[in-house]
Amino acid sequence: MTAELDASGMPEWLQSLLGLSAGDLKLEFRDRSFELVDGILRDSTLTSDTQQQTSDTFGFKWQQRDTFESSTSLERVRDWLLDRYGDPVQEGWLSNSDEPPLVLDAGCGAAMSALEYWGPHLDEINYLGTDISEAVDVARSRFLEREASAGFIQADLMSLPLPENSVDVIFSEGVLHHTDSTQKAFEAICPLLKQGGLFMFYLYRLKGPVREFTDDYVRERLQRMSPEEGWEAMKPLTHLGEALGKLDVEVEVPEGVDLLGIPAGRMNLQRFFYWHFCKAFYHPDLSFEETNHINFDWYAPANAHRHTLQEIQQWCDDGNLLIERERVEDAGITIVARKY
C-alpha cells in the first residue's frame with residue numbers, strides 16, 4: 001500500500017488524529033512540545049537517566065540491522081508471535097468497521113515485531129509506531145522500503161500526544177517493562193484505547209532467585225559501559241551459551257529444588273543453565289551476531305523489570321480490561337485483553 005503523505009512526510013490520517021493542518025511542523029500537547037523532523041513527530045523533552053540509557057541502548061541495537069534481518073531470524077520471530085497472539089484475522093483482532101483500525105505499536109523499535117506480525121495486513125490498518133529511541137528512524141526506513149503507509153512518533157510512552165479513546169489496538173511486544181515503571185506505563189496508555197479496543201502485550205516474567213541475581217548483577221555492570229562496549233562485553237557470554245548448546249547433552253534433576261525454583265526432570269544442559277542461572281542464549285540456526293543481539297537485548301537496558309501473572313491480572317482489572325488470551329511461559333507473559 002503506497003503511503004498517503006503530505007510534504008511533511010506524515011500520513012494524512014495521523015495529521016487528522018493529531019489535529020494538525022497541512023504544513024504544520026510543531027505540536028503542543030499538554031506540557032510537551034513536539035516537532036516534525038524527517039517525517040517523524042519528535043518530543044525532545046528530557047527523560048530520566050535510566051530511561052535515557054535504555055533509549056540509547058535500543059537506538060544502538062536496532063541500528064545493527066544485519067543482526068536481526070536474516071530470513072531465519074525474522075521467520076523465528078514471526079512464528080513466535082503467531083504462536084502467542086494467534087493470527088490477527090483468525091482471532092478477529094482486526095476491526096470489521098468501514099474505517100481501518102488504528103494500531104498503536106507502543107515501543108516499536110525497528111518495527112521487527114510489527115512487520116512480522118501485522119505485515120500481511122498493512123493495507124487493512126493505520127499503523128502508528130512510537131518509540132523513545134532513534135530506532136524509530138530505522139522503523140520508518142523499513143516501512144518506506146516496503147512502500148507501506150505508517151506514522152511515527154518519537155516520544156516517551158508516558159507522554160504520547162494522542163487523544164483518549166482514539167486507538168483500536170495497542171500492540172506492545174516486550175516494551176512496557178523497559179520504562180521507569182511498567183505499571184505506570186501501562187496506566188498511561190490504557191486510556192488511549194477505545195471501548196472494545198484490544199491491548200496486546202508481552203512482559204518479562206519473574207524468574208528463580210539465582211537467575212534474577214545474575215540478571216541484575218550483569219545489567220548493573222553494563223550500565224558503566226557505552227552500548228558499543230556492552231555489545232563487546234556480551235560476546236564471551238554468548239560464546240559460553242554457544243559452547244553449552246553445541247554439547248547437546250541433557251541433565252537430570254532428580255527432584256525439584258524449591259529453594260532455587262528449579263523443577264525436577266530432564267532438560268538440555270544449555271537450557272538448564274539459561275533458565276536457572278544466567279541467560280546465555282543459543283540457537284543452532286542463528287549466527288553468532290544474531291545470538292549476541294538477543295543477549296545484549298536482555299542485559300544492556302537499565303530498565304528491564306520482571307513481573308508475575310498476578311500483578312498483570314490486577315493491572316488489567318484496574319484498567320477495565322477483560323483478558324481474552326493469556327499465555328504464561330518461562331520467559332514471559334503474553335496477554336490479549338479487551339477494554340469494556
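A: R306 and E212 are joined by a salt bridge whose closest N and O atoms are 2.7 Å apart; the term denotes a side-chain nitrogen of Lys or Arg within 4 Å of a carboxyl oxygen of Asp or Glu. This pair connects distant parts of the chain, 94 residues apart: R306 sits in the loop between α10 (288-299) and α11 (309-318), while E212 belongs to helix α7 (residues 209-222). Helices (H or I, at least four residues) and strands (E, at least two) are DSSP runs, numbered from the N terminus. R306 is buried at 13% relative accessibility, and E212 is buried as well, at 11%. Here buried means under 20% relative accessible area, exposed over 50%, and partly exposed in between, with a 1.4 Å probe and protein chains only.

The model is a predicted one, in which local features need pLDDT of at least 70, side-chain atom pairs count only at pLDDT 80 or more, and totals for chains, interfaces and linings use all residues. Residues are numbered from 1 along each chain as its sequence is written, and side-chain values use heavy atoms, with hydrogens and water left out.

D168 forms a salt bridge with K194, with 3.2 Å between the closest N and O atoms. Because D168 lies in strand β7 (residues 167-173) and K194 in strand β8 (residues 193-204), the pair ties together parts that are 26 residues apart in sequence. D168 is buried, with 18% relative accessibility, whereas K194 is partly exposed at 32%.

In a further pair, the side chains of E220 and R224 meet in a salt bridge of 2.8 Å, N to O. E220 is partly exposed at 38% relative accessibility, and R224 is exposed at 59%. Elsewhere, salt bridges link R65, E69, R142 and E145 in a network. The search of the whole structure returns 24 salt bridges.

Within α6 (residues 182-189), the residues T182, A185, F186 and I189 are buried. Viewed down the helix axis, the buried residues of α6 fall within an arc of 100°, so they line one face of the helix; the arc is that of the directions from the helix axis to the C-beta atoms. An α-helix has 3.6 residues a turn, so residues three or four places apart point the same way. The buried residues of α6 pack against β4 (102-106), β7, β8, α11 and β11 (321-328), a contact being heavy atoms within 4.5 Å.

R30, in the loop between β1 (26-29) and β2 (32-37), has a positive phi near 55° although R30 is not a glycine, and R30 is exposed at 67% relative accessibility. D248, in the loop between α8 (227-247) and β9 (250-253), likewise has a positive phi, of about 50°, without being a glycine; D248 is exposed at 61%.

As for the whole chain, its secondary structure comprises eleven helices and twelve strands. Of its 340 residues, 54% count as buried. Among contacts between residues at least 6 apart in sequence, 70% join residues at least 24 apart. The C-alpha trace spans about 65 × 40 × 35 Å along its principal axes.
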